[in-house]
Amino acid sequence: MSILPVPDTAIIVVAAGSGTRLAGGAPKAFVGIDARSILRHALDGVFAAAPMQVVVVAPAGFEGEAESDLRAAAGERAALGRVVTGGATRQESVVAGLAALWGDVTRVLVHDAARALTPSEVIDAVAAAVDDSEGAIPTLPVVDTLKRVDEGAIVGAVDRSELAAAQTPQGFPRALLESAYAEARTAGAEYTDDAALFAASGHRVRRLDGSELGFKITTPADLDRARHLLAASVGPVAPRIGIGTDVHAFGGQGNLWLAGLEWPGEQPLSGHSDGDAVAHAIVDALLGAAGLGDIGEHFGTSHPEYAGAHAPVFLARTREILAEAGFAIGNVSVQFQGNRPRFSARRAEAESVLSAALGGVPVSVTATTTDGLGFTGRGEGIAVTAIAAVLSV
Ligand code: CTP
Ligand code: MG
């Protein structure tokens, strides 16, 4: 593990709330946005910022879950993090976090885990804006037109240019924040955020620009918004590509089976199963794209149930193997080389049989001759090349 300098900055991530308004079936910090919890996303932002001590304040009984998220987000900075147990109010939870600060820390940021998508740039900017006497908080302009109301009546206008919406993290010089918390405790006063508590002790707080991404996940609609933002930020996923080839000699009795079709009057291909080299090359291309081995492993002679089976059986099973491993098929392109059969008249029919067996994905089949050259040119057999694209889902 790398040795990190002891930081002079700490961030307290308060995550001990119950999430009553979200009603997500677990304390809010442990509700999933995608595969990751609200807390994990908040910590991903924290650990993308400059190194600082990280104190996670967890609900009683959920310290283990918080520890897992902390370790996963921290990576090699794990030594900078620790979990403490929160209190009944946000203010009490911050007090629990303050008690866990290291001696060298002179600057403290307090951050809501519920502002899970806050960019690390905001965290760094707040830390940089704190000095020995002043706090700093990120704010956003108020966009709605505001009215003063009394019961059912509008009783006045409010000039919104004087107002701003406060976000977190909110940063303060440690010594002044601790004494402000001590004063609030003595006075028995509850504040809605740390900046209000700090200002009530007579200290100044400056503002810097917050981020639209720093919104607090409070209601189910906020959670949906976070989910949409994350889904959009992932962008297009690159497909994985695979290749498969197969060769079969002409030989044996009966009709030819190729590209999922029976070809009456054409010489059959020899092989385990029906010898359909087009289907077999597709299977290898799909398995190869997903990194799931090859046709011999899944359908070889040790699997007698596939003796004599036709293309749809192989392809449907291959699609299942991929789905079980979390892959969806994008498309398949396959070409065979051979003098016979004459293919173009039945191309659409073959493509539709192969496509149906793969759940409707596009399958294109082309055919070519080799100018009389090689074993395909001499009419001894057929050679096939297939390419497939799959997507991790
Ligand atoms: N918080 C905390 N300890 C508490 C209450 C709140 O650490 N006793 C934290 C929450 O986990 C959250 C932040 O303070 O990250 C802001 O609080 P809020 O959005 O109100 O979260 P909850 O209190 O969990 O939600 P609700 O009010 O809907 O129950
Ligand atoms: Mg609350």
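The paragraphs below go from the domains to a helix contact and then to individual backbone angles.

This is a predicted model, in which local features need pLDDT of at least 70 and side-chain atom pairs count only at pLDDT 80 or more, whereas totals for chains, interfaces and linings use all residues. Residues are numbered from 1 along each chain as its sequence is written, chains are lettered from A and ligands numbered from 1 in the order in which they are written, and side-chain values use heavy atoms, with hydrogens and water left out.

The protein chain is divided into domain 1, covering 9–234, and domain 2, covering 240–392, with bounds that come from an automatic or database domain assignment. Taken over C-alpha atoms, the centres of these two domains are separated by 57 Å.

Helix 8 (residues 277–290) and helix 10 (residues 311–324) have axes that come within 10 Å and cross at roughly 5 degrees; helices (H or I, at least four residues) and strands (E, at least two) are DSSP runs numbered from the N terminus, and axes are lines fitted to C-alpha atoms, for helices over the stretch in contact, with angles running from 0 to 180 degrees between N-to-C directions. Helix 8 and helix 10 are therefore roughly parallel to each other, a term that applies to angles under 35 degrees. On the side of helix 8, Ala279, His280, Ile282, Val283, Leu286, Leu287 and Ala290 meet Ala311, Phe314, Leu315, Thr318, Ile321 and Leu322 of helix 10, where contact means heavy atoms within 4.5 Å. The residues of this contact divide into eleven nonpolar, two polar and no charged; Ala, Val, Leu, Ile, Met, Phe, Trp, Tyr, Cys and Pro count as nonpolar, Asp, Glu, Lys and Arg as charged, and the others, Gly among them, as polar.

Alanine 23, with phi near 50 degrees, lies in the loop between strand 1 (9–14) and helix 1 (38–48), and at 62% relative accessibility it counts as exposed. Alanine 259, whose phi is about 55 degrees, is found in the loop between strand 12 (256–258) and strand 13 (261–263) and is buried, with a relative accessible area of 0%; buried means under 20% relative accessible area, exposed over 50% and partly exposed in between (1.4 Å probe, protein chains only).

Definitions and conventions
Angles under 35 degrees count as roughly parallel, over 145 as roughly antiparallel, 65 to 115 as roughly perpendicular and the rest as oblique.
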